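Have the picture open as you read.

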Amino acid sequence: KIDGRNLFLVRGISSYPAGQRAATISKRIKKAAGDKTISPDSLKIINGPGYLMIYAGKEFIMNIYPVDAKAEGIAQETLANVIINKTAQSIILYRDQRSRTVLIKNSIHAIGAAILYVTLLFSILWILRKIKDWLQRKIKSRADSLEHKSYKLIRSDQIWTIYNTFF
């Protein structure tokens with residue numbers, strides 16, 4: 001995975017589980033993507049003793065074993081080429097997403113979203129305050145009327161205490 005996107009699946013063994021292998025490969029790809037001197041076109045396949053090695057420039061990325069290709073149902077060289085293409089695309093995308101223009105654009109979007117959130121929050125609070133004031137006026141007039149009708153047995157301040165307890 002690079003930036004939350006799955007590039008390809010890797011297999012593991014008991015001493016080197018797939019998750020650990022995938023994390024190591026991901027770190028190596030990120031390291032290569034972070035090094036601007038390494039071109040995505042510099043990815044290459046080198047034959048090893050029984051397996052293929054993928055390099056980005058001089059940076060080692062990963063080994064491809066015959067069992068990896070067998071699990072995918074394709075030839076080892078074909079799998080290596082697919083991995084090289086996916087890795088090259090991810091390096092280009094990784095660099096693009098961290099370019100100055102994209103970072104500035106994303107920062108502007110974040111600031112805009114924060115301003116919109118704060119504005120919306122204050123608007124909602126203002127509306128709730130207006131509703132509460134309206135309810136208080138409405139209840140106050142009825143409470144005063146009730147106080148007069150009950151010959152002061154029920155006082156309006158008692159009603160307000162109950163109202164404020166719940167609201």
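Q: What makes the three strands an open sheet, and in which order do they stand?
A: In this predicted model, the order is β1-β2-β3, with antiparallel pairing. Strands here are DSSP runs of E with at least two residues, and helices are runs of H or I with at least four, numbered from the N terminus. β1 (43-47) and β3 sit at the edges with a single partner strand each, so one side of each has no neighbour in the sheet. From one strand to the next, the twist averages 25°.

Q: How do you know that β2 and β3 pair?
A: Pairing takes at least two bridges found by DSSP between two strands. β2 and β3 have five bridges, in the antiparallel sense, so they meet that definition. For instance, L52 has I64 in β3 as its bridge partner.

Q: What is meant by a nonpolar core, and which residues touch the most other members?
A: It's a set of buried (under 20% relative accessible area, 1.4 Å probe, protein chains only) Ala, Val, Leu, Ile, Met, Phe, Trp, Tyr and Cys residues joined through side-chain atoms within 4.5 Å. The largest one has 24 residues, and F8, I29, I54, I61, M62 and I64 touch the most other members. α3 (76-97) is among the elements supplying at least two residues; α3 gives the most, seven.

Q: Where does α3 pack?
A: On the sheet, where α3 touches β1, β2 and β3; contact means heavy atoms within 4.5 Å.

Residues are numbered from 1 along each chain as its sequence is written. Local features need pLDDT of at least 70, side-chain atom pairs count only at pLDDT 80 or more, totals for chains, interfaces and linings use all residues, and side-chain values use heavy atoms, leaving out hydrogens and water.

How values were computed. Buried < 20%, exposed > 50% of the residue type's maximum accessible area, 1.4 Å probe, protein only. Axes fitted to C-alpha atoms, helices over the stretch in contact; angles between N-to-C directions.
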